[in-house]
Structures are given as C-alpha cells and as structure tokens.
Amino acid sequence: MPYALIRPSDAKAWTECSRRVWLDNKAEITQAPLDPFEELVIELGLAHERDVLEGLRGQYDVREASSVEDTARLMEEGVEVIYQAQLFDEAENISGYPDFLIRHESGAYQPADAKLSLSADKKDIQVQLGIYRKMLANGLPGIVFLGDGSQDEIGAEVDALTTKFVTEMRALLASDDEPLVRYSHSKCRACVYYDHCKPGFMAKEDLSLLYGVDGRAVPHLEAAGVGTITQLAAADPEAIPNVPYLKNEKKHRAVLQAKSWFDEQVYQVADVMLPAGQWVHFDIEDNPLTNTGEKHVYLWGFLVPDYGDASFEYVWTDSEDQDRDGWLGFLAQIEAYRALYPELVLAHYSSHEKSTIRSYAKRYAMEDNSTVEWLLGGDSPLFDLQKPVLESLVLPLQAYGLKDICKHPGLVNFQWEDDESGSQWSVVQFHEFLHEQDAPAKEALKQAILGYNRDDVKATFYLERWLRARYLG
Ligand code: SF4
C-alpha cells in the first residue's frame, strides 16, 4: 500500500494539533483517561445517534451493516437506510464509518452523521462528511443531523478542505518524527498527551509556554536570536524587533512574563482601578449540553455584603424547562439589589456573564426591558474584574483564569472547598442531578453545585480584596 491508512475520524485531532493526530496514529503512549465531562459528551453523542436512528426507523427500512462487504451488499440491495456503514477506498487507503447511508431518490446513497453540534460549520464535521462524499463519488451532499434536531447538508464546498486533510495526513503519517508544534495552554492542558508533551516544552524553555506569547510569533523571535525564556527574560524589549503576533507593548509584557517565570514576581504595568460602590459578586453556571442546543443557566449566584457564607444568594432552576423562570428570577434579583444598594457594582470574572445576559435578552426578546437596558447600557453596574488584572498586572502564571490567580499561594491564595470542582465538573453534576431519582441524593448534588458556585463568588471577593490591599491600600 503506497499510503498509510487515513481515517476521517482523525479530523478532530487534526484540527486541534498535528502532533496529537501523529501520536494517535504512530506512537504507543498511554493516554490520560478521559475526564468526566468528555465522557458525558460522548454519552450524549451516542444518545443523540440513537435518537436519530429511532427517528429513521419510524420512517424507513433501516438495516445495520457488519462489514465493508456487508455495506456493499446492502447498497446493492437498495436498502433505504444503512446504519453503521463501513466504506473502504483501497486505492487511497481511506477507511470511513458514516453513521448512516441514506438512499436518495436517484438510487445513490448520501452519507449522514449524527452530531451534537448546532452547526455543520465545524472543520472536523466538514472533513468527515467531505471524505464520505469523496468515497461514494456520486456528487450528493452529506447530511448532518444536528444536536438541536435540525439538519444541514455538506457539499462540494468542502472539497478543498477535504483534499488538504488527506494531503497533510499523508505527509504526517509518512514521517517517523514527532511533528514540531508550539505549546498552547488552553489546548495542551486539556489534551490526553499533556504529560508526554509538557516536559519537552519545559526542557527547551519554549517561548510558547509564556502567557501572551502566541506560538506563531516564536519562529520569528528565534530568528531574531531570542529562542528561550531565559533569553527573553534578559532581553531589552526595545531591541526585539516587532514580529507577527508580538508587537510594541506586547513585547514589554512578554519580557516581564519571562522574568516572572523565573522570579515568581508580580509586575505592575499600570494603575489598578476599581469602581467605588457596594459590590455584589456574581457568577453563573450553565449547561451547554441541552436538548435544544441553547445553553441553560441553571444557577445565577451572588455574594452580597457582608460576604460571609450566609451572604450567598442564588436563583436556581431544576431543568431547562424552567429556563425562562430562572432568567426572570435573575432580573428580579438584580432589581432587589438595585433598590438595596444605590451604588451597586456587580462584579464578575471574564466577559462570560455579560455575554450570557445579552444572549438571554435576545432569546426572550427582552432587549428593551428596563433592567436589561440598565445591565447592558452605558451606566451598567457590571464590572469585569479580569480587566484590571489583564491591563495592570503581569503574574507568574501560564493562564489568567479565576482559579489560576486565586489558587496560587503567592497571589490570592483562596482555595475551593472541593479541589475537583470546576465549570465542567458543575455541568457533569447538573446532568447527574437531572437524572437522579432519589430525592436526598438529588439534593446532595444540588448542594455540591451551590457550594462550588459559592466558592466562585467568594474567590472574586477575595481577588477584589487582594487587589485593594496590594495596589489601593
Ligand atoms: S499536549 Fe499539546 S502539543 Fe501535545 S499533542 Fe496535545 S495539543 Fe498537541
């Protein structure tokens, strides 16, 4: 066989990292186990596929294929829908497993996949359906059964992307050397090969390990003689040329970030400004894995003066059926705080809370509601606490998330009661809550989620306190 075997299912790893897809195919490395959130996504994906299968069974004669030969035989027979089809292109050495082959009125077959996604725009979905189309070679579009129950089609517009995937995969799989890639904290931290890759980046002092240094800037910095974190920490930012993805002020921050890598110090680059008023700390928990595909905020949490454990208040909903009630409860809570605290500052961390309020206002056609207008208008009480951190400080961290800053013993040093908890953990707990039949067990799950959210709003309170004591004291 002139080429290594290519599987369309590699498309997801290919879109994320060329080394990941190479390791999947060429290396024998024990992968880290999937975390509970990834397991939940797989479980929901399989449930969605079963729902689509049941829907098709209600309308068509559906038969399950057991092999490549069996698939060919069922196609020859003209079966209306073939489930778990298996295709193999011997000349190209491509093996594909579309969830369904659906007989078109012309007698030819359309490939179809069930995807939890709400759109067929994702590259990995396009590549998979594009390859199945290429293998079937009849010009018909592929079908995607999306997570919200709608359908989309993928046609010849993805041919170029499909060809790119095949070409790059062939080159990757022909090589015996692990591809050179750059570190990306968001991708690598969640990757099953993190333990394999991170030591190599550390040993090389790869510049992409630094927050604010885009991997695409690194080859240019290397060409300019700045190839390691040690070299960057010792460099004069003015002497470093502007390179793509690292220019002007960003170079100054990158040098300080490199210094803090070694000395663990905080560097202040601008005054820290915090609004005056009565602060209420605010954080939401939302479930992106819903039946409708629209995320459901199941918990709107607040920490009010005097900020002790008894000062945690919240609006909770038991399921997405109560989504509107939760939203209206949130707006009522905001009005109560507005009446109680004339100079209200509604502090949250990152832009997520504000963008969620905006999307809920749109969902319920309430953009002109007076509370919504106040929350999103020029005199908004919302204050993103991440902004002063990002604008004024360089911290000895690889990421500037709330947990990164608050858990660090040399920074805020606030610890969550449950060390395992996190936003994805909360989604998994909420799904268990949804399916739990035993009332005490259900209540225990709710209390665990509330405890996590309470710690989140406490963390923003402790961060505020830390910023005031250190920079405004
Ligand atoms: S840890 Fe990072 S570099 Fe390594 S395979 Fe995963 S995503 Fe790629």
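1. Arg 73 is partly exposed at 43% relative accessibility, while Asp 70 is buried at 11% (buried means under 20% relative accessible area, exposed over 50%, partly exposed in between, with a 1.4 Å probe and protein chains only). The two form a salt bridge whose closest N and O atoms are 2.6 Å apart; the rule asks for a side-chain nitrogen of Lys or Arg within 4 Å of a carboxyl oxygen of Asp or Glu. Because they sit 3 residues apart in helix α4 (residues 68-77), about one helical turn separates them. Helices (H or I, at least four residues) and strands (E, at least two) are DSSP runs, numbered from the N terminus.

2. A word on the source: this is a predicted model, in which local features need pLDDT of at least 70 and side-chain atom pairs count only at pLDDT 80 or more, while totals for chains, interfaces and linings use all residues. Residues are numbered from 1 along each chain as its sequence is written, and side-chain values use heavy atoms, with hydrogens and water left out.

3. Glu 168 is partly exposed at 34%, and so is Lys 164 at 40%.

4. Lys 204 pairs with Asp 206 in a salt bridge, at 3.5 Å between the closest N and O atoms. Lys 204 is partly exposed at 43%, whereas Asp 206 is buried at 2%.

5. The chain is divided into domain 1 (8-174), domain 2 (205-263) and domain 3 (278-471), with bounds from an automatic or database domain assignment. Between domain 1 and domain 3, about 710 Å² is buried, 78% of it from carbon and sulfur atoms; buried area is the accessible area (1.4 Å probe) that two parts lose on being put together, summed over both. In domain 1, Phe 37, Leu 40 and Leu 44 lose the most area to domain 3, together 60% of what that side buries. How many salt bridges cross this interface? The rule finds 0.

6. Leu 344, in strand β13 (residues 344-348), is buried at 9% relative accessible area. Its contacts (heavy atoms within 4.5 Å) include Tyr 337, Trp 374 and Pro 381.

Key:
Lists of a residue's contacts leave out its neighbours within four places in sequence.
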